[in-house]
Amino acid sequence: MIFIIFFGVIVLAVVGLNMVNSNNLYEIENYYASNRCEAVTYVRGEYKGLCKDSIVLIKNGFSVDVEKPDKVILYKDIQGIKKQDKMLVIMTHEMTQLEFKHDVQLVEFYNKVQSKK
C-alpha cells in the first residue's frame with residue numbers, strides 16, 4: 001500500500017511538471033510568433049530568436065516571464081560577431097556566447113544577424 005501511494009505521488013509530480021513545461025513552451029513560442037521572430041532555436045534550456053530590432057534569449061525554466069526576456073541584444077549594439085566551433089560569439093559592451101546543436105542552425109543564425117546589423 002505504501003508503494004502504491006509513493007508511486008502515485010511520483011506520477012502526479014511528473015504529470016504536473018509536464019503540464020507546467022507545456023504551458024511555458026506555449027508562452028515562449030507565442031512570444032516569438034507574435035513578435036515575428038525568425039531562426040528560433042533551442043539548446044540546453046535556452047531559446048534564441050532573431051526579432052525585429054534585437055536577438056532575444058529566453059531560458060526555459062519552472063517560471064517563465066516572456067515580458068522580461070533573460071537577455072536582449074540590440075543589433076545596433078553589436079560591435080563584432082564570429083563563429084567558433086558550434087558557438088556564435090557576439091561582442092557588444094560585453095561578450096555573449098550562443099551555443100547551437102547543428103552547424104546549419106549556426107550558419108543560418110550568423111547570416112541573418114549579419115544582414116540585420
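The count of disulfides in this predicted model comes to one. A disulfide is a covalent bond between the sulfur atoms of two cysteines. Here the bond joins Cys37 to Cys51, with an S to S distance of 1.9 Å. The torsion about the S-S bond of Cys37 and Cys51 is about 95°, so the disulfide is right-handed.

Are the two cysteines buried or exposed? Cys37 is buried, because its relative accessible area of 14% falls under the 20% limit. Cys51 is buried as well, with a value of 6%.

| Residue | Relative accessible area | Class |
|---|---|---|
| Cys37 | 14% | buried |
| Cys51 | 6% | buried |
| Ile4 | 63% | exposed |

Ile4 is found in helix α1, which covers residues 2-34. Ile4 counts as exposed because its relative accessibility of 63% is over 50%. Together with Met1, Ile5 and Val9, Ile4 makes a nonpolar surface patch of about 480 Å².

The loop between β2 (46-50) and β3 (54-59) also holds Asp53. Which residues does Asp53 touch, leaving aside those up to four places away in sequence? Asp53 touches Ile73, Leu74 and Tyr75. Asp53 and Leu74 are 21 residues apart along the chain, and their C-alpha atoms are separated by 6.0 Å.

Notes:
Residues numbered from 1 in each chain as written. Predicted model: local features only at pLDDT ≥ 70, side-chain atom pairs only at ≥ 80, totals over all residues. Heavy atoms only, no water. Patch = residues over 30% accessible without salt bridge, like charges linked within 9 Å, V, L, I, M, F, W, Y side chains within 5 Å. Areas by Shrake-Rupley, 256 points an atom, 1.4 Å probe, with all protein chains shown as cover. Salt bridge = Lys/Arg side-chain N within 4 Å of Asp/Glu carboxyl O. Helix = DSSP H or I, 4+ residues; strand = E, 2+ residues; numbered from the N terminus. Buried < 20%, exposed > 50% of the residue type's maximum accessible area, 1.4 Å probe, protein only. Contact = heavy atoms within 4.5 Å. Disulfide = S-S within 2.5 Å.
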